[in-house]
Amino acid sequence: MAGERILLVEDGADVRHFLAESVLQPAGYDVLTAADGVEGFTLARDLQPDLVIVDYLMPRQDGLEMLAALRNANFERPIILMTAEGSEALAVHALRLGVSDYLIKPFNPDDLLTAVDRVLREHWTRQITRNVPAQLLGANLQMELRLRELDTLVEIGKRVTSLLDLQSVLNQVIGAAVHLSHAEHGMLLLLDESTRELYLYASTDPAQDVTGAFRLPVADSLAGRVVRTCRPLVLTSEDLHKIKTDYLVYSLVYVPLVLQQKVIGVLGVTNREHRQEFEPHTLQLLSVLADFTAIAIDNARLYAATEHERDTLNTIMRDTEDAIIVVDPRDHILLCNPAACKVFNLGQENYQGRLLSDVIQHQAVLGLFSKGGQGRRGRNGEISVDNGQRTLNAQMSVVQGVGKIAVMQDITYLKELDRIKSEFVTTVSHDLRSPLTAILSYVELVERSGPLNEAQAQFIGRIHTSVQSITVLISDLLELGKIEAGFDKDREPVQLDVIIRQVVEAQRQLWEAKEQDLLVQLPGDLPLLFGNPLRLRQMVSNLMENAIKYTPARGRIRVSVGMDSDFVVLRVADTGIGIPQKDQPYIFDKFYRSDQAIDEFEGTGLGLSIVKGIVEQHGGRIWVDSHPGKGTVFTVMLPCYDQEST
Ligand code: ADP
């Protein structure tokens with residue numbers, strides 16, 4: 001504040017000039033001065049300045065004498081006393097005479113200005129208050145109360161919407177409800193959708209049971225009415241209302257907690273000791289509070305559900321026996337579960353955020369992740385650990401927005417079973433060979449040992465055919481056993497085009513008999529393969545035999561070879577019966593045959609297993625594309641002969 005007129009009464013000329021000209025006037029005050037109490041009294045009485053600053057010790061009349069004279073003359077403006085004496089008696093005396101402030105010399109100019117400002121402000125406030133009608137003051141008081149209530153509401157709103165623990169949220173809410181409504185008690189009921197009951201979740205009344213055992217039916221209770229109608233309820237009366245067994249109240253306000261247009265509970269305040277009504281705006285305040293509360297409950301529930309899910313997931317990750325590694329798109333580890341740490345001999349430290357290749361050096365694992373990222377579908381493969389003692393079947397998937405997830409399952413026992421089974425089959429096949437050869441020889445001897453009647457000749461013919469097909473089956477089994485055991489380790493540079501031409505010639509009778517249109521497309525400069533020529537011939541032969549067998553007469557067969565970076569790509573395509581989608585994943589398994597193949601064609605179900613075994617022994621891959629009724633394409637990729645690396 002500035003612009004007010006101040007009378008400064010000070011006998012010391014230097015101090016008077018300094019305070020008037022260097023302190024008060026620069027601060028914007030209009031300053032009158034007097035050199036003693038007598039002069040000061042006259043000026044104050046006649047000119048009625050807004051404030052008087054008076055020194056204590058002065059000639060003729062001291063500050064207190066002047067003050068007393070002014071009070072006698074009904075001077076009501078504020079007065080500040082300056083004194084070099086800081087005695088308590090003087091201070092008490094001065095305050096009794098109505099001094100507004102008391103400055104002990106020497107003081108800082110700022111102290112003077114602060115005192116002046118405060119004293120003037122207080123004076124004006126008193127003046128205004130004195131002149132303002134009582135009604136206005138009442139309204140002002142109400143306004144202040146409302147503002148304080150709003151402040152409380154905003155504050156509680158901020159607090160509860162940031163809390164994530166449901167119990168704390170609700171305790172805070174009922175505390176605020178009681179405070180804002182000046183109620184005796186507050187309570188919060190939540191709706192159990194499954195039973196259509198309200199159960200008491202929080203209450204400020206220790207007599208109420210908040211264990212969840214106490215329930216009110218929505219269909220038949222006061223609180224239930226709020227849920228049913230989605231409207232607040234206000235009850236006031238001279239008499240007590242029964243809101244539940246043994247719980248009587250004089251007045252209550254219930255407001256619904258609404259979330260996404262559905263009532264999820266009821267917030268209530270009650271007066272049960274005194275006949276006291278709620279103020280009209282209580283309903284409004286509680287409704288706002290209820291809106292915050294519904295959001296806060298939703299937040300807390302969502303948070304609890306997320307926490308629960310995270311805990312469940314953590315437990316699964318921790319307890320599963322499968323090794324699981326998750327990396328982000330930049331190959332930084334997001335998760336490495338305890339099973340993975342154990343398999344790859346890692347400590348139990350936290351690997352989150354570290355680059356995968358810094359943590360795991362296993363080439364097969366790194367290869368799985370690096371190649372897997374190129375496609376959307378991921379890939380799978382086998383990973384050998386513990387110096388080949390154990391085998392893991394790894395499935396890598398790409399998850400958009402997360403990264404890559406590898407799940408590795410220990411299949412050591414399955415591999416062992418497979419090995420034992422193959423060994424058994426090979427042994428049995430081998431042992432069956434000699435008796436079969438004997439049967440065949442004796443069948444031939446029977447034919448030579450004398451004339452046979454027609455029926456006998458027919459039976460002998462059937463025995464012959466059956467023994468032949470068992471022999472083929474056994475040869476296939478033995479072949480497969482050898483391939484799987486990796487016995488054919490002999491490798492040499494091989495020309496695939498030459499092999500293809502030989503097979504085409506060898507099978508000429510077969511495809512010509514069915515008048516099939518067989519086309520072979522071979523590029524002129526086909527690179528060499530490095531492999532076992534007999535096995536590679538067997539591979540081409542099996543694929544072509546199938547194409548001829550499963551393609552009807554006059555159908556088309558295309559055998560082509562191309563290049564894809566360092567790989568030779570062989571394709572055998574036909575326009576035959578095709579393979580149903582459901583059978584495609586299994587056709588490379590031993591003895592697997594489609595239903596149509598079983599019904600209409602001869603076969604052992606071992607040809608493709610042999611082909612797959614040969615392809616894998618040569619470091620290649622094979623897959624099938626087929627459409628039932630339209631045809632089938634088998635594609636084989638084999639690495640080219642790299643002279644430097646062999
Ligand atoms: P099979 O002795 O039955 O021919 P394979 O192992 O060679 O045994 O083939 C397994 C199964 O795959 C066959 O029974 C047949 O159902 C299917 N199959 C293989 N090649 C073809 C093809 N070119 N066209 C249609 N089906 C085929």
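1. Pro 106 is placed in the loop that runs between strand 5 (101-104) and helix 5 (109-131), and, in what is a predicted model, the peptide bond that joins Lys 105 to Pro 106 is cis, with an omega of about -10°.

2. The phi of Asn 74 is near 60°, a positive value although the residue is not glycine, whereas most residues other than glycine have a negative phi.

3. As for the overall layout, the protein chain is divided into five parts, namely domain 1 (5-131), domain 2 (149-303), domain 3 (322-406), domain 4 (414-485) and domain 5 (492-639). For domain 3 and domain 5, the C-alpha centres are 35 Å apart.

4. Turning to the ligand, there are 21 residues surrounding it, and the closest of these are Asn 546, Tyr 550, Arg 593, Ser 594 and Leu 608. By residue type, the shell around the ligand is made up of 10 nonpolar, eight polar and three charged residues.

5. Arg 593, one of the closest residues, has a polar side-chain atom that lies 2.4 Å from a ligand oxygen atom. Taken alone, the ligand exposes 530 Å², and the protein buries 98% of that area.

6. The space that the ligand takes is the second largest pocket. The elements that give two or more residues to the shell around the ligand are helix 17 (533-549), helix 19 (607-617) and strand 23 (631-639), and among these helix 17 provides the largest share, which amounts to three residues.

Terms used: Residues numbered from 1 in each chain as written. Predicted model: local features only at pLDDT ≥ 70, side-chain atom pairs only at ≥ 80, totals over all residues. Heavy atoms only, no water. Near = heavy atom within 4 Å. Polar contact = N/O pair within 3.5 Å; in protein donor to acceptor, adjacent residues only side chain to side chain. Areas by Shrake-Rupley, 256 points an atom, 1.4 Å probe, with all protein chains shown as cover. 1 Å grid on protein atoms, 1.4 Å probe; cavity = no way out; pocket = protein on both sides within 12 Å on 5 of 7 lines; lining within 4 Å. Sits in = over half its atoms within 2 Å of the grid points. Helix = DSSP H or I, 4+ residues; strand = E, 2+ residues; numbered from the N terminus. Nonpolar A, V, L, I, M, F, W, Y, C, P; charged D, E, K, R; others polar. Domains from an automatic or database assignment.
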